[in-house]
Amino acid sequence: METDDMTPAEERVWRAFPRGQDVDFRAAGEDPARDADWGPDRTVRATAVRACC
C-alpha cells in the first residue's frame with residue numbers, strides 16, 4: 001500500500017504507531033457500545049494496518 005492512497009483515518013494510525021500512541025476515533029461523548037454510526041471517515045482498512053505494523 002502506498003502512503004498517498006491512505007485515508008485521513010489511516011494516516012492517523014500510520015503516524016501514531018511508531019510512537020506507541022493510541023488513536024481514538026470517537027466523537028466527544030460518543031459511546032461506541034451504543035451502536036454508533038461510524039462512517040468511512042473513521043474506517044481503517046486492514047491493508048493499512050498491515051502496512052504500518
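Student: Is Glu-10 buried or exposed?

Tutor: Glu-10 is buried, at a relative accessible area of 2%. Buried means under 20% relative accessible area, exposed means over 50%, and partly exposed is in between (1.4 Å probe, protein chains only).

Student: What sort of model is this, and how are residues numbered?

Tutor: This is a predicted model, in which local features need pLDDT of at least 70 and side-chain atom pairs count only at pLDDT 80 or more, while totals for chains, interfaces and linings use all residues. Residues are numbered from 1 along each chain as its sequence is written, and side-chain values use heavy atoms, with hydrogens and water left out.

Student: How many helices and strands does the chain have?

Tutor: Two helices and zero strands. Both kinds of element are DSSP runs numbered from the N terminus: helices are H or I with at least four residues, strands are E with at least two.

Student: Back to Glu-10. Which residues of α1 are buried along with Glu-10?

Tutor: Helix α1 covers residues 8-16, and its buried residues are Ala-9, Glu-10, Val-13 and Ala-16. They lie on the same side of α1 because they cover an arc of only 130 degrees around the axis. The arc is taken from the directions from the helix axis to the C-beta atoms.

Student: What do the buried residues of α1 pack against?

Tutor: They pack against α2, residues 46-52. Contact here means heavy atoms within 4.5 Å.

Student: Where does Arg-45 fall on the accessibility scale?

Tutor: Arg-45 is partly exposed, at 36% relative accessibility.

Student: How many salt bridges are there in the whole structure?

Tutor: Four. One of them joins Arg-15 to Glu-11, with the closest N and O atoms 4.0 Å apart. Those two residues both lie in helix α1, four residues apart, or about one turn of the helix. Arg-15 is partly exposed at 46% relative accessibility, and Glu-11 is partly exposed at 32%.

Student: What does Asp-24 pair with?

Tutor: Asp-24 meets Arg-26 in a salt bridge, 2.7 Å from N to O. Asp-24 is partly exposed with a relative accessible area of 39%, and Arg-26 is partly exposed at 44%.

Student: What does the side chain of Arg-42 reach?

Tutor: It reaches the backbone oxygen of Phe-25 at 2.8 Å, and it makes a polar contact with the side chain of Glu-30 at 2.6 Å. A polar contact is a pair of N or O atoms within 3.5 Å; within protein, one must be able to donate a hydrogen and the other to accept it, and residues adjacent in sequence count only if both atoms are side-chain atoms.

Student: And which residues is Arg-42 in contact with?

Tutor: Leaving aside neighbours within four places in sequence, Arg-42 is in contact with Ala-9, Phe-25, Arg-26, Ala-27, Glu-30 and Asp-37.

Student: What about Arg-12, what does that one touch?

Tutor: Not counting residues up to four places away in sequence, Arg-12 touches Val-23, Asp-24 and Phe-25. Arg-12 is in helix α1 and is partly exposed, at 35% relative accessibility.

Student: Last one: what share of the chain is buried?

Tutor: Buried residues make up 17% of the 53 residues in the chain. Among contacts between residues at least 6 apart in sequence, 50% join residues at least 24 apart.

Note on methods: Salt bridge = Lys/Arg side-chain N within 4 Å of Asp/Glu carboxyl O.
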